[in-house]
Amino acid sequence: GEGVFLAAKAAGMGRCGSCRKQTQFFCYVHQTFVCTECVVTAPLHQWCVIGSYRKWVQDSNYQWPPRCPVCRVDFDQDDPDPSYAVR
């Protein structure tokens, strides 16, 4: 019921906006929960900043344009193939 929903929200959990799976990841750009599968497969989130819901509640600011967490280079949104970010 509603108690379970409130406990999950307090723990930083929610339902993915696309597939409805439970997740702790949150799209800062679209302000919706998103699971790891939908981050990879949904074109909507290919350039989004994804993090935990708890961190977003504490501080909703984020780097734009998105930056690679490994090499710290800004992603090029004009690149038709964003997969270079995971090479």
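In which loop does Arg20 lie?

1. Arg20 is found in the loop that joins strand E1 (14-15) to strand E2 (22-23). Helices (H or I, at least four residues) and strands (E, at least two) are DSSP runs, numbered from the N terminus. The structure is a predicted model, in which local features need pLDDT of at least 70, side-chain atom pairs count only at pLDDT 80 or more, and totals for chains, interfaces and linings use all residues. Residues are numbered from 1 along each chain as its sequence is written, and side-chain values use heavy atoms, with hydrogens and water left out.

2. The phi of Arg20 is near 75°, a positive value in a residue other than glycine. Most residues other than glycine have a negative phi.

3. Gln31 also has a positive phi, near 50°, and is not a glycine. Gln31 sits in the loop between strand E3 (25-27) and strand E4 (32-33). With a relative accessible area of 51%, Gln31 is exposed (exposed means over 50%, buried under 20%, and partly exposed in between, with a 1.4 Å probe and protein chains only).

4. The whole structure contains seven aromatic pairs. Rings of Phe, Tyr and Trp (its six-membered ring) pair if their centres lie within 6.5 Å; planes under 30 degrees apart count as stacked, over 60 as edge-to-face and the rest as tilted. One of the pairs is Phe26 with Trp56, which is tilted, at 4.7 Å centre to centre and 45° between the planes. Phe26 belongs to strand E3 and Trp56 to helix H3 (residues 53-58), so this pair ties together parts that are 30 residues apart in sequence.

5. Phe26 is buried, at 4% relative accessibility, and Trp56 is buried at 18%. Phe26, Tyr28, Phe33, Tyr53, Trp56 and Tyr62 make up one aromatic cluster.
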